[in-house]
Amino acid sequence: MNPATRILVTIFIVTFILMFVVIYPIVTDVSETRRKDAAFFDETLIPQTIVPLTLTSTAPFRVIPIDALESDFDQVSITTSTYFTGDEIHTFSGPRVMDVLNLYAENDVLPRLSASASIKAGTSYWDDKEIIAAAGDDYDIRIPITEVLEKFNPIIATQMDGKPLPEEYAPLFIVFDRDGIEDLDNTYTQYWVWSLTRMHIAVK
């Protein structure tokens with residue numbers, strides 16, 4: 001083996017070792033962190049195929065089918081342009097996010113969370129809480145309840161222009177009244193979650 005070949009082989013071996021000793025642990029750690037951030041529910045308890053909406057907290061999870069979202073809650077329509085539709089105006093309809101959360105808290109969560117939550121007279125039960133909204137494409141975002149959901153009252157859209165949501169947004173879409181609320185600027189775009197499948201109620 002000539003010297004040049006020997007040098008190339010040595011470089012290859014050193015690079016190969018570095019990949020496993022240095023780079024691989026870093027990549028694995030980052031990947032694991034992302035998985036932990038996204039996996040806010042107990043994967044041993046909640047089937048991964050549940051659609052369309054799973055609500056979780058410290059209480060047992062609850063699944064709400066689309067027909068229940070349309071029949072068991074007041075339906076609200078929002079006609080607005082959206083960043084995601086190229087600023088085209090569409091009419092979205094569905095229940096308020098807060099209506100769904102309030103019913104779930106009343107029936108399932110409140111007795112279990114109230115003991116540890118910092119609930120003070122004159123403040124909202126939701127002040128120290130947020131939801132983690134997760135989409136079927138692995139996107140998830142923490143949404144403050146009081147500062148965003150109570151303030152702007154978005155809906156969980158089940159329909160667009162009187163029809164089921166298009167495939168790219170289905171099964172559910174958190175929609176804000178972008179055109180009707182002056183304070184709702186582009187900094188809130190991250191909270192528009194399409195392909196919504198899960199909402200987890202958490203203490204901040």
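Let's start with tryptophan 194. Tryptophan 194 is partly exposed, because its relative accessibility is 29%, and the cut-off for buried is under 20%. Keep in mind that this is a predicted model.

What does tryptophan 194 pair with? Its partner is phenylalanine 173. The two ring centres are 6.4 Å apart, and the planes meet at 85°, so this pair is edge-to-face. Now look at where the partners sit. Phenylalanine 173 belongs to strand β10, while tryptophan 194 is in the loop between β10 and β11. They are 21 residues apart, and the pair links distant parts of the chain.

Is phenylalanine 173 buried or exposed? Phenylalanine 173 is buried, at 0% relative accessibility.

Next, a second pair. Phenylalanine 84 and tryptophan 192 also pair, but this one is tilted. Here the distance is 5.9 Å centre to centre, with 50° between the planes. As for accessibility, tryptophan 192 is buried, with a relative accessible area of 6%. Phenylalanine 84 is partly exposed, at 24%.

How many aromatic pairs does the structure hold? There are 11. One aromatic cluster takes in Tyr83, Phe84, Phe92, Tyr169, Phe173, Phe176, Trp192 and Trp194.

Phenylalanine 92 stands opposite methionine 160, which is in β8. The strands β4 and β8 pair in the antiparallel sense, over two bridges. β4 also pairs with β3, again antiparallel, over six bridges. In that pairing, serine 77 stands opposite serine 93 of β4.

Let's step back to the whole protein. Its secondary structure comes to four helices and 11 strands. There are 204 residues, and buried residues make up 39% of them. The accessible surface is about 11,600 Å², and carbon and sulfur atoms account for 57% of that. What about contacts between residues at least 6 apart in sequence? Of those, 61% join residues at least 24 apart.

Now the open sheet. Which strands form it, and in what order? Five strands do, in the order β2-β1-β11-β5-β6, with mixed pairing. The edges are β2 (62-64) and β6 (140-144). Each edge strand has a single partner, so one side of each is left without a neighbour in the sheet. From one strand to the next, the twist averages 20°.

Zoom in on one end of that order. β1 (residues 53-56) and β2 run antiparallel, joined by three bridges. Threonine 54 has valine 63 in β2 as its bridge partner.

Then the other end. Helix α4 (residues 145-152) lies across β5 (129-135) and β6. The helix runs at about 80° to β6.

On to the core. In soluble globular proteins, nonpolar side chains tend to be buried together. In this model, the largest nonpolar core has 45 residues. Which of them touch the most other members? They are Leu101, Ile131, Ile143, Leu149, Leu196 and Met199. Helix α3 (residues 97-113) gives this core its largest share, six residues.

Last, a few backbone details. Where is the cis peptide bond? One joins alanine 170 and proline 171, with omega at about 5°. Proline 171 lies in the loop between β9 (163-164) and β10.

Two aspartates also deserve a look. Aspartate 138 has a positive phi of about 80°, although it is not a glycine. Aspartate 138 sits in the loop between β5 and β6. At 69% relative accessibility, aspartate 138 is exposed, because exposed means over 50%. Aspartate 161 has a positive phi as well, about 55°, and is not a glycine either. Its place is the loop between β8 (159-160) and β9. Aspartate 161 is partly exposed, with a relative accessible area of 40%.

Definitions and conventions
Residues are numbered from 1 along each chain as its sequence is written. This is a predicted model: local features need pLDDT of at least 70, side-chain atom pairs count only at pLDDT 80 or more; totals for chains, interfaces and linings use all residues. Side-chain values use heavy atoms; hydrogens and water are left out. Two strands pair if DSSP finds at least two bridges between them. Axes are lines fitted to C-alpha atoms, for helices over the stretch in contact, and angles run from 0 to 180 degrees between N-to-C directions. Contact means heavy atoms within 4.5 Å. Buried means under 20% relative accessible area, exposed over 50%, partly exposed in between (1.4 Å probe, protein chains only). Accessible areas come from the Shrake-Rupley method with a 1.4 Å probe; for residues, only the protein chains shown count as cover. A nonpolar core is a set of buried Ala, Val, Leu, Ile, Met, Phe, Trp, Tyr and Cys residues joined through side-chain atoms within 4.5 Å. Rings of Phe, Tyr and Trp (its six-membered ring) pair if their centres lie within 6.5 Å; planes under 30 degrees apart count as stacked, over 60 as edge-to-face and the rest as tilted.
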